[in-house]
Amino acid sequence: MSHYAIIQDTSLELRRRIYTSLTSAPDADFGLSNAESDITLSPPSDHMTGKPHLSLYLYRIDQDGHLRNQPRLPDGQNGQRFPPLPVRLCYLITPLEKEEKQNQLMLGRIIQHFHDQPVLDSLYGTPLDNSYGGNSPEMRIGFEALSMEELSQIWLTLKTDYRLSVAYAVQVVAIDS
C-alpha cells in the first residue's frame with residue numbers, strides 16, 4: 001500500500017542505492033563510510049554541517065497528468081474510494097567535494113548506476129505492491145535534462161553558488177487516498 005510515507009521511503013531508498021553504487025565502484029574510493037551522514041537529503045549549501053559528500057534533494061513534486069483521471073475504486077461491499085494520487089518526485093543530485101575531479105567521477109558513477117538500473121521495484125527489500133489496483137509494482141528513475149534557465153532558477157532559489165549537479169525524476173509514485 002502506498003501510504004503517505006512513500007515519499008520519504010523513496011528518498012531513503014534512492015540514498016541507499018546511490019551509497020551502494022558509490023561504495024562498490026571499481027577502481028574508485030569516494031571516502032564514504034555511512035549513507036546517512038555521507039548523503040544528505042537537505043538542499044546543497046555552502047554551509048552544510050557534518051561535511052556530507054553528496055546532496056540528494058527532493059526539490060519538486062508534480063502530479064502525474066497521465067494518470068490523474070482514474071475512476072473511483074471499490075472499497076468494501078458498498079463503498080468507493082478515490083484512486084491513489086500519482087506523483088513525480090524530482091531530485092537534484094549534487095556532489096559536495098572540494099575537488100571537481102572527484103565530483104565528476106561521483107556523478108559519472110551515479111549516472112551509470114541509474115542507466116543500468118532505472119527501476120525501483122522494492123523499498124528496503126520489500127516489493128512494491130499494487131496499491132488498491134492503482135499503483136504500478138515498480139517506479140521508474142529517469143534522467144531529467146534541465147535547461148540553463150531551470151538550473152539557474154533552482155540555484156537562485158537555494159541562495160548558494162552553482163555546483164555541477166544532475167536531476168532525476170521518479171515516477172509514478174502513488175499516494176493512497
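Modeller: Axes are lines fitted to C-alpha atoms, for helices over the stretch in contact, and angles run from 0 to 180 degrees between N-to-C directions. This is a predicted model: local features need pLDDT of at least 70, side-chain atom pairs count only at pLDDT 80 or more, and totals for chains, interfaces and linings use all residues. Residues are numbered from 1 along each chain as its sequence is written, and side-chain values use heavy atoms, with hydrogens and water left out.

Colleague: How many helices and strands make up the secondary structure of the protein chain?

Modeller: Helices (H or I, at least four residues) and strands (E, at least two) are DSSP runs, numbered from the N terminus. The totals are four helices and 10 strands.

Colleague: At what angle do helix 1 and helix 3 pack?

Modeller: With contact meaning heavy atoms within 4.5 Å, Leu-14, Arg-17, Ile-18, Ser-21 and Leu-22 in helix 1 meet Met-106, Arg-109, Ile-110, His-113 and Phe-114 in helix 3. The axes of helix 1 (residues 6–23) and helix 3 (residues 100–116) lie 10 Å apart, and the packing angle is about 115°.

Colleague: Are helix 1 and helix 3 roughly parallel or roughly perpendicular to each other?

Modeller: Angles under 35 degrees count as roughly parallel, over 145 as roughly antiparallel, 65 to 115 as roughly perpendicular and the rest as oblique. Helix 1 and helix 3 are therefore roughly perpendicular.

Colleague: How do the residues of the contact of helix 1 with helix 3 divide?

Modeller: Ala, Val, Leu, Ile, Met, Phe, Trp, Tyr, Cys and Pro count as nonpolar, Asp, Glu, Lys and Arg as charged, and the others, Gly among them, as polar. The contact of helix 1 with helix 3 divides into six nonpolar, two polar and two charged residues.

Colleague: Which are the edge strands of the sheet?

Modeller: Two strands pair if DSSP finds at least two bridges between them. The open sheet has six strands in the order 1-2-5-10-9-6, with mixed pairing. Those that pair on one side only are strand 1 (39–40) and strand 6 (119–120).

Colleague: Which residue stands opposite Thr-40?

Modeller: Strand 1 and strand 2 (residues 54–63) run parallel, joined by two bridges. The residue in strand 2 that faces Thr-40 is Ser-55.

Colleague: What angle does the direction of helix 3 make with that of strand 5?

Modeller: Helix 3 packs on the sheet and touches strand 2, strand 5 (85–95), strand 9 (139–144) and strand 10. Its direction and that of strand 5 make an angle of about 150°.

Colleague: How many residues of strand 5 are buried?

Modeller: Buried means under 20% relative accessible area, exposed over 50%, partly exposed in between (1.4 Å probe, protein chains only). Strand 5 runs antiparallel to strand 2, with nine bridges, and pairs with strand 10 in the antiparallel sense over eight bridges. It is mostly covered, the buried count being 10 of its 11 residues.

Colleague: What is the relative accessible area of Ser-165?

Modeller: Ser-165 lies in the loop between helix 4 (148–158) and strand 10 (166–175). Leaving aside residues up to four places away in sequence, Ser-165 touches Leu-92, Ile-93, Thr-94, Leu-107, Leu-151 and Trp-155. Ser-165 is buried, with a relative accessible area of 11%.
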